[in-house]
Amino acid sequence: AAVAYLHSSRCRAAIAMKQDHEPFEIALSVALERMAIQLRSLHRIARELEYILGDALQDRPHRPDPRLQSLDFLIQSLDGLTLFLEDLAPDLEPCMKVDLSVACRRIVLRDLQHALASGDVPDKTTASGDAEFFGLS
């Protein structure tokens with residue numbers, strides 16, 4: 001019902017294929033569920049950062065920077081988008097397909113690309129190399 005505008009009376013399977021890739025089609029509902037899992041993981045990381053910042057700023061005598069409110073907005077947005085995708089995915093017709101070889105092509109993070117393509121959820125909550133970014137290696 002909510003997604004009736006996405007397809008005609010006949011289900012059309014997928015995105016137009018480009019000449020330079022091998023197609024890898026999955027159900028759109030599965031792709032959205034995988035995206036929801038990744039957003040939920042990002043939500044957890046953002047929530048942890050909020051707690052870390054809160055603890056670090058608790059002993060400061062002055063008021064925190066109002067720009068930190070954007071972290072709360074980020075957390076709430078990630079949660080809302082996750083819920084949206086989780087609720088949307090079950091209503092999609094199984095014949096609605098997407099080509100992940102096209103959709104994953106521009107994703108730079110290999111762990112994210114793999115999770116979206118395979119459905120595997122990594123055990124870690126940080127990508128490899130994060131410690132070097134902060135000079136903690």
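How many helices and strands does the protein have? In this predicted model, there are five helices and two strands. Read from the N terminus, the order of elements is β-α-α-β-α-α-α.

The protein comprises 137 residues, of which 23% are buried. Among contacts with a separation of 6 or more, 78% join residues 24 or more positions apart.

The largest nonpolar core contains 18 residues. Within this core, Leu28, Leu32, Val98 and Leu100 touch the most other members. Helix 1 (28-57) and helix 2 (69-88) each provide at least two core residues. Helix 1 gives the largest share, with six residues. In soluble globular proteins, nonpolar side chains tend to be buried together.

Helix 1 also packs against helix 4, which spans residues 110-118. The axes of helix 1 and helix 4 lie 8 Å apart, at an angle of about 140°. Angles over 145 degrees would count as roughly antiparallel. Helix 1 is therefore oblique to helix 4. On the helix 1 side, the contact involves Arg34, Met35 and Gln38. Helix 4 meets these residues through Leu112, Ala115, Leu116, Ala117 and Ser118. By class, the contact of helix 1 with helix 4 includes five nonpolar residues, two polar residues and one charged residue.

Methods:
Residues are numbered from 1 along each chain as its sequence is written. This is a predicted model: local features need pLDDT of at least 70, side-chain atom pairs count only at pLDDT 80 or more; totals for chains, interfaces and linings use all residues. Side-chain values use heavy atoms; hydrogens and water are left out. Helices (H or I, at least four residues) and strands (E, at least two) are DSSP runs, numbered from the N terminus. Buried means under 20% relative accessible area, exposed over 50%, partly exposed in between (1.4 Å probe, protein chains only). Contact means heavy atoms within 4.5 Å. A nonpolar core is a set of buried Ala, Val, Leu, Ile, Met, Phe, Trp, Tyr and Cys residues joined through side-chain atoms within 4.5 Å. Axes are lines fitted to C-alpha atoms, for helices over the stretch in contact, and angles run from 0 to 180 degrees between N-to-C directions. Angles under 35 degrees count as roughly parallel, over 145 as roughly antiparallel, 65 to 115 as roughly perpendicular and the rest as oblique. Ala, Val, Leu, Ile, Met, Phe, Trp, Tyr, Cys and Pro count as nonpolar, Asp, Glu, Lys and Arg as charged, and the others, Gly among them, as polar.
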